[in-house]
Amino acid sequence: MSPANHPNPDPNGPHNAAQGPLSGPVTGRDRGRLEAVPAPRRTAWDAEELMTMTFPPPRWAVPGLVCEGVTLLAGPPKVGKSWLSLNLALDIAAGRPALGSIAVEAGPVLYLALEDTPRRLQSRMRTVLAGRPAPTGLTLSIACDPMPAGGDEQVDAWLTAHPGARLVVIDVFAKVRGNPPAGVAAYDADYAAMGRIKRVADRHGVAVLLVHHVRKAAAEDFLATVSGTNGLAGAADAVLVLERARAQADGVLHVTGRDVDETDYPLAFDSQAGAWRVLDGPTEDYLMRDTRAQIMRFLRDYPGQRPKQIAEALQLDATTVRQTCRRMVADGQLHATPGGQYSPAGGDTGDSRDTSGLEPPSLLSLRHADAPDQAEPS
């Protein structure tokens, strides 16, 4: 029987959870047991009261990039996601600027390298550290149970033992997400899979970075490239998508989320140091420079193509290609026919045959990916 329905309710007697804590004589043993039960979390306020409340600022693992909560880091295979996440883990554990220039607060970091062996992990760390001592605040593991089988409890236990933790990296999320329940829609399964680790992140107010893959199909909206349903991106607090043209050192990190501003960061990968760093200047400058190089290489082999054909072959945005071609004509790099076909200016082609009638390749061919001698990150 609830206190409200008791025939003689005692205002000083027991209360339910919604009313407040229990009162009356409590033994030392009972007090310890009661204090172990967390107070119910408040979930509703009136608008006026909410507007008068003061909340602490969000805790950033990497200011402007990785905030408390769950962040999804997605990208194609071998693009450099693991190098990027290891860079962040080492930088934060040591208190060094992340990505070469972003000041961070030092703190314990848990790195779950679930696709690595100890030997490979050691080799990568030696490359990144370059003779510096390994930070004592970094915990590394190559094994973790799936979240539905207790993995979330393992991460929770580590965070409880390290109350000042700044970051948890799970590389890759597919290793711990578990199998979807039978009969559950794909979107609901994806959302639930994210929910387990998000509850842990929110409970401790810590940033959790989940490394994930993207679809093979290209898309204008980088969020649409994340593998799986929209349930994954929808449940995440932020999404980072790393893009880098094959055999190119420069890349772009697309960022969007609830507590982060939607922006793009131009990055460069140093294969000798195994390090990603943020480049100076606007992203558009680097994208345009890379786009011009791709278009020029393509048109040297397949002159006489229209922007739509170039965009489809290189998997680039058609509007960007059209604008870039016009600027390249203005700069004297390309020649355009009245029909809108483009070729390198001065007949600078890699083949003397007339290729205007040939079907261009559907993907950037291997002959266009030989320029820089950069090692392939993964």
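**A guided reading of the predicted model**

At 12% relative accessibility, Asp-237 counts as buried, where buried means under 20% relative accessible area, exposed means over 50%, and partly exposed lies in between (1.4 Å probe, protein chains only). The model is a predicted one, in which local features need pLDDT of at least 70 and side-chain atom pairs count only at pLDDT 80 or more, while totals for chains, interfaces and linings use all residues. Residues are numbered from 1 along each chain as its sequence is written, and side-chain values use heavy atoms, with hydrogens and water left out.

Asp-237 forms a salt bridge with Arg-258, and the closest N and O atoms are 3.0 Å apart. A salt bridge is here a side-chain nitrogen of Lys or Arg within 4 Å of a carboxyl oxygen of Asp or Glu. The pair links distant parts of the chain, 21 residues apart: Asp-237 is in the loop between helix 7 (230–235) and strand 8 (238–243), and Arg-258 is in the loop between strand 9 (250–257) and strand 10. Helices (H or I, at least four residues) and strands (E, at least two) are DSSP runs, numbered from the N terminus. Asp-237 and Arg-258 also belong to a network of salt bridges that includes Lys-198 and Asp-202.

The structure holds 11 salt bridges. One of them joins the side chains of Asp-152 and Arg-196 (3.6 Å, N to O). Asp-152 lies in helix 5 (residues 151–161) and Arg-196 in helix 6 (residues 186–204), so this pair ties together parts that are 44 residues apart in sequence. Asp-152 is buried at 13% relative accessibility, whereas Arg-196 is partly exposed at 31%. A further salt bridge brings together the side chains of Arg-203 and Asp-156 (2.6 Å, N to O). Because Arg-203 lies in helix 6 and Asp-156 in helix 5, this pair ties together parts that are 47 residues apart in sequence. Arg-203 counts as exposed at 54% relative accessibility, while Asp-156 counts as buried at 18%.

Aromatic side chains also pair: the structure holds four aromatic pairs. Rings of Phe, Tyr and Trp (its six-membered ring) pair if their centres lie within 6.5 Å; planes under 30 degrees apart count as stacked, over 60 as edge-to-face and the rest as tilted. The rings of Trp-83 and Phe-269 have their centres 6.1 Å apart and their planes at 55°, so the pair is tilted. Trp-83 lies in helix 3 (residues 81–94) and Phe-269 in strand 10 (residues 263–270), and the pair therefore ties together parts that are 186 residues apart in sequence. Trp-83 is buried at a relative accessible area of 11%, and Phe-269 is buried at 7%. Phe-269 also forms a tilted pair with Trp-276, at 5.2 Å centre to centre and 50° between the planes.

On the surface, Trp-45, Leu-50, Met-53 and Phe-55 form a nonpolar patch with about 370 Å² of accessible area together. Patches are made of residues with over 30% relative accessible area and no salt bridge; like charges are joined within 9 Å, and nonpolar side chains (Val, Leu, Ile, Met, Phe, Trp, Tyr) within 5 Å. Accessible areas come from the Shrake-Rupley method with a 1.4 Å probe, and for residues only the protein chains shown count as cover. Met-53 lies in the loop between helix 2 (47–52) and strand 1 (60–62).

Taken as a whole, the protein chain has 10 helices and 13 strands. Buried residues make up 41% of its 378 residues.
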